[in-house]
Amino acid sequence: MAPANPAANTAAIIDPNLTWVPLEKRLAEETDPALRRNLETIVTHMKSEAHGDLDGLMGTLAPEPVYRLGPPDNERLHPRGTEGIRAYYSAFVASGATQLVHEIDRLAVDRHAVLTDGVMKMAYPGKALAAMGIDIDDQDAYYLYEVRMAIVWVMDDEGRVIGEESYQDRNGFDGIAGRKLAPSDIAPLRA
């Protein structure tokens with residue numbers, strides 16, 4: 001495991017550009033070709049997600065991937081297969097919730113898995129929260145969704161994502177109406 005916390009150096013609450021920094025740092029030091037390939041895949045996946053690039057995202061996946069995101073009783077968070085995952089990401093991009101940072105402070109890389117663990121912060125759009133039945137005071141604002149999240153990226157022998165499994169320490173929507181973000185709280189996406 002490689003500890004890292006590059007997010008401590010930013011003024012914004014959410015700086016999406018910091019999400020892949022620990023992986024790129026590890027990649028710069030890694031000599032094993034299989035581990036390098038896995039890191040490169042996850043960096044591409046993260047950047048594609050941040051840019052809302054569905055084709056880029058889908059290009060990182062193995063055929064017929066399986067996702068397990070959050071509690072098992074929410075089928076929407078357990079998409080299966082290429083079309084199910086594409087539909088999941090299409091809805092995610094359409095929601096406007098792609099402004100996020102995963103402040104990774106634990107990273108483990110193996111031939112068949114990558115583990116990223118740290119605080120996940122998302123700028124959740126007020127309109128999306130209102131559509132979910134959450135009472136907020138400004139549908140044009142963003143609100144802070146925050147949890148500690150571990151993601152296990154399961155990899156195939158070709159370095160493609162077979163599945164994504166995430167585990168959270170709490171419900172990030174609890175109390176979200178009281179965590180309105182100012183525009184300056186969200187850093188613009190760079191590269």
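The structure holds six aromatic pairs. One of them joins Tyr 67 and Tyr 89. The model is a predicted one. Tyr 67 has a relative accessible area of 1%, so Tyr 67 is buried. Tyr 89 also comes out at 1% relative accessibility and therefore counts as buried. Tyr 89 forms an edge-to-face pair with Tyr 88 as well. Here the centres are 5.2 Å apart, and the angle between the planes is 65°. Both Tyr 88 and Tyr 89 are buried. Together, Tyr 67, Tyr 88 and Tyr 89 form one aromatic cluster.

Strand E1 also contains Arg 68; the strand covers residues 61-69. Arg 68 has a relative accessible area of 43%, so this residue is partly exposed. Neighbours within four places in sequence were left aside in listing its contacts. Arg 68 then touches Leu 77, His 78, Glu 164, Glu 165 and Ser 166. Glu 164 is 96 residues away from Arg 68 along the chain, yet their C-alpha atoms are separated by 6.2 Å. With Glu 165, the contact is made by side chains on both sides. It is a polar contact of 2.5 Å.

Charged side chains were examined next. The count comes to 16 salt bridges. One of them pairs Asp 32 with Arg 111, at 2.8 Å from N to O. Asp 32 lies in the loop between helix H1 (21-29) and helix H2 (33-51), and Arg 111 in the loop between strand E2 (100-109) and strand E3 (113-125), so the bridge ties together parts that are 79 residues apart in sequence. Asp 32 has 19% relative accessibility and so counts as buried, because the cut-off is under 20%. Arg 111 has a relative accessible area of 44%, so Arg 111 is partly exposed.

Another salt bridge joins the side chains of Arg 148 and Asp 105, at 2.6 Å from N to O. This pair, too, links distant parts of the chain. Arg 148 sits in strand E4 (residues 142-155) and Asp 105 in strand E2, 43 residues apart. Arg 148 is partly exposed, with a relative accessible area of 22%. Asp 105 counts as partly exposed at 26%.

Arg 170 and Asp 169 also meet in a salt bridge, at 2.6 Å from N to O. Arg 170 has a relative accessible area of 41% and is partly exposed. Asp 169 is partly exposed as well, at 47%. Elsewhere, salt bridges that share partners join Asp 105, Arg 106, Asp 117 and Arg 148 into one network.

Asp 32 caps the N-terminal end of H2. A side-chain oxygen of Asp 32 lies 2.8 Å from the backbone nitrogen of Ala 34. H2 has 19 residues. From its first C-alpha to its last, H2 reaches 27 Å, close to the 27 Å expected at 1.5 Å a residue. Buried residues in H2 include Ala 34, Leu 35, Asn 38, Leu 39, Thr 41 and Ile 42. Val 43, His 45, Met 46, Ser 48, Glu 49 and Ala 50 are buried in H2 too. Just after H2, Gly 52 takes a positive phi of about 70°.

Helix H1 contains Arg 26. Arg 26 is buried, with a relative accessible area of 18%. Beyond its neighbours within four places in sequence, Arg 26 is in contact with Leu 35, Leu 39, Leu 107 and Val 109. Leu 35 and Leu 39 are among the buried residues of H2.

Strand E2 holds His 102. At 1% relative accessibility, His 102 counts as buried.

Definitions and conventions:
Residues are numbered from 1 along each chain as its sequence is written. This is a predicted model: local features need pLDDT of at least 70, side-chain atom pairs count only at pLDDT 80 or more; totals for chains, interfaces and linings use all residues. Side-chain values use heavy atoms; hydrogens and water are left out. Helices (H or I, at least four residues) and strands (E, at least two) are DSSP runs, numbered from the N terminus. Buried means under 20% relative accessible area, exposed over 50%, partly exposed in between (1.4 Å probe, protein chains only). Contact means heavy atoms within 4.5 Å. A polar contact is a pair of N or O atoms within 3.5 Å; within protein, one must be able to donate a hydrogen and the other to accept it, and residues adjacent in sequence count only if both atoms are side-chain atoms. A salt bridge is a side-chain nitrogen of Lys or Arg within 4 Å of a carboxyl oxygen of Asp or Glu. The expected span of a helix is 1.5 Å times one less than its number of residues. Rings of Phe, Tyr and Trp (its six-membered ring) pair if their centres lie within 6.5 Å; planes under 30 degrees apart count as stacked, over 60 as edge-to-face and the rest as tilted.
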